Amino acid sequence: MKKVYRRPKSLKRAAFHYCPGCGHSIVHRLLTEVFDEMNIQDKVIGIPPPGCSVFAYHYLDIDMAESAHGRGAAVATGLKRAYPDALVFTYQGDGDLAAIGTAETIHAANRGERITSIFINNAVYGMTGGQMAPTTLSNMKTTTTPYGRDTRLEGYPIRMSEMVALVKGAVYIERTAVNSPANIKKTKKAIRKAFQAQIDDLGYSLVEILSPCPTNWKMNPLESWQWVENEMTKEFPLGLIKDTTRTKDSTGKRDAD
Amino acid sequence: MTKVLMYGNAAIGEAAIRAGCQCYFGYPITPQNELTEYMATNLSRRKGCSFVQAESEVAAINMVYGASLAGVRTMTSSSSPGISLKQEGISYLAACELPAVIVNISRGGPGLGSISAAQSDYFQSTRGGGHGDYRTIVLAPSSVQELADLTHRAFDLADKYRIPVIILGDGMLGQMMEPLEFKYDAPSELPVRSDALRGAKERPSRIVKTFTSRPTELEELNWSLFRRYRLIEKEETTYEIYLVEDAELVVVAFGAAARIAKGAIRNARANGLKVGMLRPITLWPFPYEKVSELTQTTKHFLVFEMNMGQMIEDVKLAVEGKREISFYGRPGGVIPTPSEVLRVITRLYYQKGLKTEK
């Protein structure tokens, strides 16, 4: 009988600890499918963040090292500089990449570090119990915006990918979601392209993935998937944000933008 | 080997390159900029090496963490306020048992403070300035020659014990020029640790982490770190003694302060006062045993520091109340002169009724 679905080689034989409906397990699986398909399992080094996905190393069968909160891009920079043959990626949440690690992210991108960031945007701090994230939507209730995020007091949901796209060293940025089979397929394609940009030695690549957090959103999995579709994508439109991976200047060198 | 004339900061850079340092990450702060600039000029274009001017000290120390993961010799440098920012990263390096060298060309504090030399980061360096139960080896050079020698030793110790090593210099040592000799040539091949994180090729995948949901697992990590710390205390404690054999009064001083004290002691001896000095070279591990041994032969201790009195706590722990201890210090970046210290020594000597040479 022909096998049509199997556990990727790069995915360890372990049951995910993530909540039902959580986007992390889908993204983990997509990553490992990409590693297998690109045959890069033995070259990839992952930097997971503090947070629910700190345990990514229990699932991804690749070299991994934990990072301090927000410092993923700096750690990845050091690793890649010391060993340029590696394919280094950070796996970061919205608090990690877009609040405490904003500086590290922007500057790693600006230096055009040959690294990839997988940016999980679920609009809350997940592991700490659902506090306001920089990406929390306006009027959205969280444990630290119990009256709803008042933009006058708490600012606006931040579009980090668009910000990072402004720097020349960033060559590929796409926002996707994992709330439907079609979007999941697109996410996998984006992850692949992001790693390809790194393999081609072009610059910094980032895939922002809108990812449901039913537990902290206080929804069931289905509602949370719908909420991504109906609410999150209004603030964070899906699609390609930047791609200069094919651009070349007159000298044959690739132009940064 | 021939002698060369160099600034302290540049000597550290050259010694690091000769020790096989492959990656340097820094951020500008006075009075250590010459070191960052030396690495930009002399390391950044070397084959297989990398230099990054980071966006912050926080980023720089985390780049060091990343490079250490990849198994190479790596370092960062800064000065006091910047070293405060690096504490997060140092804690992670200690926790994950990653070798690294961190240079602190310290300056006056607290706060933004001054850019003049001070020793007020003793507590921060020797107590583990970041969170959690950990230690870092702390080396305290007192000449440009020693800056170079201890830089080399720092890389060796870091690798041997898988521990971050701090070189605690100060603005005076970093900024002054002295002749020195480099005892090593740069290695032809850069060393790579066997446990480097370089992709799971022909071996199972590796994880470098401390986070665990089982406290007993973390407890064991702490125990194992401390077993190693005990070994370091046993094997690596170093100090210099100067004229202590017959000394009635022993001055305890480190780094630049020890140089100043030495000048004062030389003159005190010329005046017939029996004064000696103990200079800890490793601030952690601190030479408790040697200080304790000196309590049998000396009558009085004078701790002299360019701060409000930090190392004196370690001296007290070592003396255990067996002898009286006095303190003289100037904080905030004021550098006392040898004649000032001589006055302090002389007054104290007669005040305590210590015996002079016949």
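Mentor: Let's start at a bridge: A:M64 has B:I207, in β9(B), as its bridge partner. This is a predicted model, where local features need pLDDT of at least 70 and side-chain atom pairs pLDDT 80 or more, while totals for chains, interfaces and linings use all residues. Residues are numbered from 1 along each chain as its sequence is written, with chains lettered from A and ligands numbered from 1 in the order in which they are written.

Trainee: What makes β2 of chain A and β9(B) a pair?

Mentor: Strands pair if DSSP finds at least two bridges between them. β2 of chain A (residues 63-65) and β9(B) have two bridges, in the parallel sense, so they meet that cut-off. Strands here are DSSP runs of E, at least two residues long, and helices are runs of H or I, at least four long, numbered from the N terminus.

Trainee: How many residues does each chain bring to the contact?

Mentor: Chain B gives 34 and chain A gives 28; residues are in contact if their C-beta atoms, placed from the backbone, lie within 7 Å. On the chain B side, β2 (21-26), β3 (50-53), α3 (57-69), α4 (80-95) and β9 (207-208) each supply at least two residues. The largest share, nine residues, comes from α3(B).

Trainee: What classes of residue make up that side of chain B?

Mentor: It has 18 nonpolar, 10 polar and six charged residues. Nonpolar covers Ala, Val, Leu, Ile, Met, Phe, Trp, Tyr, Cys and Pro, charged covers Asp, Glu, Lys and Arg, and the others, Gly among them, are polar.

Trainee: Why are α1(B) and α2(B) called oblique?

Mentor: Their angle is about 40°, with the axes 7 Å apart. Under 35 degrees counts as roughly parallel, over 145 as roughly antiparallel, 65 to 115 as roughly perpendicular and the rest as oblique. α1(B) and α2(B) are therefore oblique to each other. The axes are lines fitted to C-alpha atoms, for helices over the stretch in contact, and angles run from 0 to 180 degrees between N-to-C directions. Among the contact residues are B:I12 and B:I17 of α1(B) and B:L35 and B:Y38 of α2(B).

Trainee: Why does one side of β10 and of β15 in chain B lack a neighbour in the sheet?

Mentor: The open sheet runs β10-β12-β11-β14-β15 in chain B, five strands with mixed pairing. β10 (239-242) and β15 (324-329) stand at the edges, each with a single partner strand, so one side of each is left without a neighbour in the sheet. From one strand to the next the twist averages 20°. For β15(B), six bridges join it in parallel to β14(B); B:F304 is the bridge partner of B:Y328.

Key:
Two residues are in contact if their C-beta atoms, placed from the backbone, lie within 7 Å.
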